[in-house]
Amino acid sequence: MKKREPLIGKDGEVRELDDTFFATAKRGRPAMPAAERKVRMNLMIEPEIATALDKLDNKSAFVNEALRKALG
């Protein structure tokens with residue numbers, strides 16, 4: 001089997017994408033392993049807490065860290 005040419009050259013430029021690339025290309029991001037996926041949970045919180053969380057850039061990271069500390 002022929003070794004593929006890298007998509008990005010040593011100069012940082014992306015090479016021309018040819019028919020060979022598109023013949024084997026797949027859409028989207030590769031699936032994340034099940035052990036690393038996050039779990040969606042719906043819960044009710046008080047309005048003041050929701051307002052405070054809305055002011056944060058990354059609510060999920062903040063809540064995850066706070067729960068880790070609280071749960072030990």
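Reader: Why is phenylalanine 22 called exposed?
Author: Its relative accessible area is 52%, and exposed means over 50%, with buried under 20% and partly exposed in between (1.4 Å probe, protein chains only). So phenylalanine 22 counts as exposed. A word on the source: this is a predicted model, where local features need pLDDT of at least 70 and side-chain atom pairs count only at pLDDT 80 or more, while totals for chains, interfaces and linings use all residues. Residues are numbered from 1 along each chain as its sequence is written, and side-chain values use heavy atoms, leaving out hydrogens and water.

Reader: What makes phenylalanine 21 partly exposed?
Author: Phenylalanine 21 has a relative accessible area of 23%, which lies between the 20% and 50% limits. Phenylalanine 21 is therefore partly exposed.

Reader: How do you know that the rings of phenylalanine 21 and phenylalanine 22 are a pair, and what kind is it?
Author: The structure holds one aromatic pair. The ring centres of phenylalanine 21 and phenylalanine 22 are 5.0 Å apart and the planes stand at 85 degrees, so the pair is edge-to-face. Rings of Phe, Tyr and Trp (its six-membered ring) pair if their centres lie within 6.5 Å; planes under 30 degrees apart are stacked, over 60 edge-to-face and the rest tilted.

Reader: Where is phenylalanine 22 found?
Author: In helix α1, residues 19-24; helices are DSSP runs (H or I, at least four residues), numbered from the N terminus. Aspartate 19 is found in helix α1 too.

Reader: Why does aspartate 19 count as exposed?
Author: Aspartate 19 has 69% relative accessibility, and the limit is over 50%, so aspartate 19 counts as exposed.

Terms used
Helix = DSSP H or I, 4+ residues; strand = E, 2+ residues; numbered from the N terminus.
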